[in-house]
Amino acid sequence: MNDNYRAMNFSAGPSILPEEVLKKCDAEMLNYEGSGESVMEMSHRSPEFKKICKDAETNLRTLMNIPEDYYVLFLQGGGTLQFSMIPINLMTGSGKADYVVAGQWGKKAYDEAVKFGDVRKIASSEDKTYSYIPKFNKEDIRDDVDYVYVCYNNTIYGTHYNEYPDVGDHLLVTDMSSSILSEEIDVSKFGLIFAGAQKNIAPAGLTIVIVRKDLIGKAPENTPVYLDYEMHAKKDSMYNTPPCWSIYVAGEVFKYLISNGGIKAMHEKNVRKAEKLYDYIDSSDMFIGTAAKEDRSLMNVTFVTGDPDLDKKFVSEAKSKGMINLSGHRSVGGMRASLYNALPEEYVDALIEFMKEFESVNIRK
Ligand SMILES: *Cc1c(COP(=O)(O)O)cnc(C)c1O
């Protein structure tokens, strides 16, 4: 196998990154812009790294059109730590929050929040293995909740909010780990947006939190310092050593997105990629999409043949053709093709070609 071999990587996360960005990181690996050191070896207090961090924030603000009255924080601890930090920092008025549970990540967020206050589930799609986005009326929300929580894109089940959830005047908090930067979002509709970087941004280790400035600074006195958003905001995400390498790669991804037409162009490409795969699945006599059509995700396309052995055969034959990481989440089985920004359209074409071939050879007569 040749040293430069790159498989077609459909992983749900950590996942594919733009090849152009990887090559740039490679070229700068030993000597970042004449500094004589790698970003991995650099002090996070150095002027070089401070610029990397500042530029990453500025470019993310440009890409997502983040209003001035929001902080952008570069944290560690993954999406999972946000499940705790959100209630600790924001459930500090009435001490109540309402949660929508549309998948395992939302369930985990809910289970964590319960430890910190009066938390209620206002909708769940657990009855049908989270295959749809459960509806709620804004009247179902308790008047005095501190926030309403939703997971915007359910990575495991392939569902996504295809319109903004209507929470009336309530504060909306969301997990966008697997859809951030894939579509244009009006940040001002949310009090807080967070995303683990390892799906659509950068390597694991970085979690981005975008939070309205007036919402923080209310954590209880005994809050562990790392868990207080205010400390990170005051110190420009440099209270302690930040995930330097991941911030650097994220910054390179932001530059790459800006020079490739921004989120609008990405979204158009993402729609094209997902639609052709869904169209094929819908026309197929073998493959069945598992997510409700109106709630389908552009990022994670989930499907089955209906026969677990055939699913396994599909995943293993796809791998032998260079298409890797196509098995569904270990909890649901079947297949999942994650089509993040960095995944080239040709890979989707190749996948569809292979699915057609697989169907013609294996279809039960
Ligand atoms: C992957 C994922 C998480 C978990 O992130 P960690 O960084 O592993 O803690 C949370 N939410 C969503 C939507 C995810 O896809």
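Visitor: What kinds of residues make up the shell around the ligand: nonpolar, polar or charged?
Guide: This is a predicted model, and in it the shell divides into seven polar residues, three nonpolar and two charged.

Visitor: Which residues are they?
Guide: The ligand is surrounded by Gly78, Gly79, Thr80, Phe83, Trp105, Cys151, Asn153, Thr155, Asp175, Ser177, Gln198 and Lys199.

Visitor: Which helix gives the largest share of that shell?
Guide: Helix α3, residues 78-90, with four residues.

Visitor: OK, and how far is the side chain of Thr80 from the ligand?
Guide: A polar atom of the Thr80 side chain is 2.5 Å from a ligand oxygen. For Thr155, an N or O atom of the side chain lies 2.4 Å from an oxygen atom of the ligand. Gln198 also has a polar side-chain atom facing a ligand oxygen, at 2.8 Å.

Visitor: How much of the ligand does the protein cover?
Guide: On its own the ligand has 390 Å² of accessible area, and the protein covers 87% of that.

Visitor: Asp175 was in that list. What is its bridge partner in β9?
Guide: Phe194 is the partner of Asp175 in β9. Strand β8 (residues 172-175) and β9 run parallel and are joined by three bridges.

Visitor: What about the pairing of β9 with β10?
Guide: β9 and strand β10, residues 207-212, run antiparallel, with five bridges between them. As one example, Ile193 stands opposite Ile210 in β10.

Visitor: In general, how do strands pair in a sheet?
Guide: They pair through backbone hydrogen bonds, and the direction can be parallel or antiparallel.

Visitor: Back to β9: how many of its residues are buried?
Guide: Five of five, in a strand that spans residues 192-196. Leu192, Phe194 and Gly196 are buried on one side, and Ile193 and Ala195 are buried on the other, which leaves both faces covered.

Visitor: Changing topic. How many salt bridges are there in the whole structure?
Guide: A search finds 24. In general, side chains of opposite charge can pair when their charged atoms come close.

Visitor: Give me one. What does Asp98 pair with?
Guide: Asp98 forms a salt bridge with Arg142, and their closest N and O atoms are 2.8 Å apart. Asp98 is in strand β3 (residues 96-101) and Arg142 is in the loop between β4 and β5, so the pair ties together parts that are 44 residues apart in sequence.

Visitor: Is Asp98 buried or exposed?
Guide: Buried, with a relative accessible area of 0%. Arg142 has 17% and is buried as well, because the cut-off for buried is under 20%.

Visitor: Which residue does Glu345 form a salt bridge with?
Guide: Arg272, with the closest N and O atoms 3.1 Å apart. Glu345 is in helix α9 (residues 345-362) and Arg272 is in helix α7 (residues 262-283), so this pair links distant parts of the chain, 73 residues apart. Glu345 counts as buried at 16% relative accessibility, whereas Arg272 is partly exposed at 43%.

Visitor: What about Asp282, which residue does its side chain meet?
Guide: The side chain of Asp282 meets that of Arg296 in a salt bridge, 2.9 Å from N to O. Asp282 lies in helix α7 and Arg296 in the loop between β11 and β12, so parts 14 residues apart in sequence are tied together. Asp282 is partly exposed, with a relative accessible area of 38%, while Arg296 counts as buried at 12%.

Visitor: You mentioned β11 and β12. What is the order of strands in their sheet?
Guide: The order is β11-β12-β14, in an open sheet of three strands with antiparallel pairing. β11 and β14 are the edge strands, each pairing on one side only.

Visitor: How many bridges join β11 to β12?
Guide: Two bridges join them. Gly289 stands opposite Phe303 in β12.

Technical notes. Residues numbered from 1 in each chain as written. Predicted model: local features only at pLDDT ≥ 70, side-chain atom pairs only at ≥ 80, totals over all residues. Heavy atoms only, no water. Near = heavy atom within 4 Å. Polar contact = N/O pair within 3.5 Å; in protein donor to acceptor, adjacent residues only side chain to side chain. Areas by Shrake-Rupley, 256 points an atom, 1.4 Å probe, with all protein chains shown as cover. Nonpolar A, V, L, I, M, F, W, Y, C, P; charged D, E, K, R; others polar. Buried < 20%, exposed > 50% of the residue type's maximum accessible area, 1.4 Å probe, protein only. Pairing = 2+ DSSP bridges. Salt bridge = Lys/Arg side-chain N within 4 Å of Asp/Glu carboxyl O.
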